[in-house]
Every structure is written in structure tokens, then in C-alpha cells.
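Please have the sequence and the structure open while reading.

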Amino acid sequence: MPKNLFDNRDCKVHLSRISAEPPAGMTRAKAEKRFGTLGDEMFELQDALWGAKVHSVLVVLQGRDSAGKDGTIKHVAGCLNPRGVSVVSFGVPTTEEREHDFLWRVHRHAPRRGEFAIFNRSHYEDVLVVRVHDLAPKKTWKERYGHIRDFEELLAEHGTIVLKYFLHITKDEQEKRLLEREKDTSTAWKLNPNDWKERDYWDEYTAAYEDAISKTAAPHAPWLIVPANAKWYRNLLVAESIVAALRDHRRNWEKTLDDMGRAGRAGLDAYRAELKARKNGGRRRG
Ligand code: ADP
């Protein structure tokens with residue numbers, strides 16, 4: 001199990017103790033080669049997921065501004081058949097959303113069996129930005145950890161494979177990325193003064209993330225803290241963990257597909273036998 005995988009509530013997360021850099025010995029060339037192989041496997045596994053319709057997959061992407069949520073979606077979703085993937089971004093809640101409980105807007109986008117849903121931000125914003133900026137009373141956001149645990153348990157009981165990622169970058173890397181955006185005319189459209197304002201709350205976000213991860217980590221809804229200073233390593237790690245989670249179910253899906261194939265063939269045989277009997281009966285009458 002990777003050391004930055006959190007799958008139970010007893011481990012307290014300390015982000016400052018987790019490196020945001022790729023491990024020594026890992027190179028971009030190696031990572032990209034491996035990513036290509038994993039991409040092919042992910043595509044195949046998705047086909048089995050789609051056909052068997054036993055499970056669904058929910059990928060939750062969280063991270064600070066410029067941590068690479070969009071880039072991860074582009075690369076990872078790029079390995080999948082678009083037929084079975086939805087990508088949903090959660091921004092500031094609308095009036096209608098605010099007038100419901102905080103999970104209302106999220107639950108309706110939970111994936112159907114056979115499908116993937118990738119969340120760009122998620123219900124976790126309600127214990128992150130909401131906590132950091134006092135957008136709800138402390139009692140309210142504190143109660144949400146329990147609601148989130150119950151919600152994710154419900155999804156898992158319904159066959160959803162819940163995978164949660166925190167894209168971990170350093171404050172220096174964030175500054176570098178934000179400055180690069182300014183210089184590059186092709187990415188300047190992403191500029192948002194709010195990203196700079198939010199940097200002033202770096203430590204508050206760190207505390208909020210550490211609590212969110214520690215309090216909601218579960219075997220059926222693990223968190224992976226992804227060293228994300230290098231985009232190519234980030235993509236590799238996310239792909240690797242999705243493939244590993246799906247592989248666990250491969251046999252089950254293949255068995256379901258075999259059974260479906262057998263049932264389909266039996267149905268077709270019965271249909272053909274009936275046609276033949278009808279034809280023979282007609283001939284005899286004639
Ligand atoms: P992104 O930064 O993800 O590329 P946006 O620029 O649209 O996309 O930002 C979305 C904003 O919505 C973020 O600042 C985020 O904190 C905010 N947001 C998301 N969910 C909530 C929420 N439940 N309450 C308040 N703000 C939220």
C-alpha cells in the first residue's frame with residue numbers, strides 16, 4: 001500500500017510530512033511510458049465495467065488552485081471511452097443549491113452502474129472553503145464529516161468504487177504556476193485574482209484538508225495524497241491507483257460478462273429453434 005494512501009480514520013494526516021515531488025529514480029520518460037500502458041488497461045477495464053453493470057466509479061479530485069485538477073481530468077479521462085464518463089465541476093453553489101442540503105447537488109451526479117463520474121471539486125468544498133471562510137457556523141461544517149462518511153458508505157453499498165485524490169503541491173510550485181499563467185497568453189484566460197487571495201489562507205486550507213482527509217478516509221472510500229509538483233508523476237499515480245482499484249473487480253466483471261454471453265447465446269438458440277419449428281410446421285401444413 002503506498003504510504004500516502006489513507007483508508008482509515010485512525011491515521012492523522014500531516015501534509016507537511018508528505019513530499020510533493022516524485023520519488024528518486026522516477027523520470028518523466030519512465031512515467032509517461034508506464035502511463036501509456038496503464039491507459040490501455042484502464043480502457044479495457046472500463047469496457048468490462050460498462051458491460052457488467054455491477055459497479056460504478058466515482059473519482060473525486062480535490063486540490064488547491066492550480067494543483068492540476070483540470071490537467072488530471074484531461075489526461076486520465078483521455079484514456080477512457082467518453083460514452084461512460086461524466087465530468088462534473090462544482091463551483092460556488094447557486095441559490096437553488098444553497099436552498100437544499102449540501103449533498104443534494106452532488107448526489108444527483110453520482111455515477112450510474114457501468115459508468116465513471118469525475119468530480120472536479122466536490123462535497124468536500126463544504127468542509128474546506130466553507131470552513132476557511134466561515135461560510136457556515138462551525139457546528140454545521142463539523143457535522144458534515146459524518147454526513148460525508150454516511151453518503152460515501154451509501155454509494156459504496158450501491159456498488160460505487162469511490163476514489164478520492166488530494167493533488168498535493170507546494171506553495172512555491174503554486175506561485176510558479178500562477179506566474180506562468182500570466183506570462184503565457186494561451187493560459188492567461190485562467191487568471192483569477194481570487195487564486196492569489198486564497199494563497200493567504202494556505203495554512204488554514206492545510207488544516208482543513210488534513211481534517212477532511214483524516215475524518216473521511218475509509219476502506220471503501222480511500223484518499224490518495226498525490227505528489228503533484230510534477231504533472232507527469234501526478235498523472236501516473238492517479239492512473240495507477242484507478243487501474244489497481246478496477247483490477248480487483250476484473251474477474252467478477254468477466255464472470256458476469258460470461259454469464260451474460262451464455263444467457264444471450266441460449267436466448268438466440270431458443271429463438272432460432274422456434275423459427276425452425278415454425279418453418280417446419282408451416283411446411284407440414286402446406
Ligand atoms: P476552479 O478553481 O475549480 O477551476 P472556479 O474558478 O469556477 O473553478 O472556482 C470554483 C470556486 O467555487 C472555488 O473558489 C471554490 O472554492 C468554490 N466553491 C466550490 N464549492 C463551494 C461551496 N460549496 N461553497 C462555496 N464555494 C464553493
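## The largest cavity

In this predicted model, the largest cavity holds about 30 Å³ of space. The count of cavities of 30 Å³ or more comes to one.

Its lining consists of Val 59, Leu 61, Thr 72, Val 76, Ile 118, Val 238 and Ile 242. Six of these lining residues are nonpolar and one is polar, with no charged residue. At least two lining residues come from each of β2 (56-63), α2 (69-77) and α10.

## The second largest pocket

The second largest pocket has a volume of about 280 Å³. Two elements, β5 (160-168) and α10, each give two or more residues to the lining of this pocket. The largest share, five residues, is from β5.

In total, 16 residues line the second largest pocket, and those nearest its centre are Leu 5, Leu 163, Pro 222, Ser 241 and Ala 245. By type, the lining of this pocket has eleven nonpolar, three polar and two charged residues.

## Helix α7

Helix α7 spans residues 171-183, a run of 13 residues. From first to last C-alpha, α7 reaches 19 Å, close to the 18 Å expected at 1.5 Å a residue.

Which residues of α7 are buried? They are Glu 173, Gln 174, Arg 177, Leu 178 and Arg 181. These residues lie on the same side of α7 because they cover an arc of only 135° around the axis. Asp 172 and Lys 183, on the other side of α7, are exposed. The packing partners of the buried residues of α7 are α8 (193-199), α9 (202-216) and α10 (231-247).

## Two residues with positive phi

Most residues other than glycine have a negative phi. Ser 66, which is not glycine, has a positive phi near 70°. Ser 66 sits in the loop that joins β2 and α2. Is Ser 66 buried or exposed? Its relative accessibility is 11%, so Ser 66 counts as buried, the cut-off for buried being under 20%.

Asp 134 is also not a glycine, and its phi is positive at about 50°. The loop between α5 (129-132) and α6 (138-157) contains Asp 134. Because its relative accessibility is 65%, Asp 134 counts as exposed, for which the cut-off is over 50%.

Definitions and conventions:
Residues numbered from 1 in each chain as written. Predicted model: local features only at pLDDT ≥ 70, side-chain atom pairs only at ≥ 80, totals over all residues. Heavy atoms only, no water. Helix = DSSP H or I, 4+ residues; strand = E, 2+ residues; numbered from the N terminus. Expected span 1.5 Å × (residues − 1). Buried < 20%, exposed > 50% of the residue type's maximum accessible area, 1.4 Å probe, protein only. Arc of directions from axis to C-beta. Contact = heavy atoms within 4.5 Å. 1 Å grid on protein atoms, 1.4 Å probe; cavity = no way out; pocket = protein on both sides within 12 Å on 5 of 7 lines; lining within 4 Å. Points joined across faces, edges and corners; volume = space filled by probe spheres on them. Nonpolar A, V, L, I, M, F, W, Y, C, P; charged D, E, K, R; others polar.
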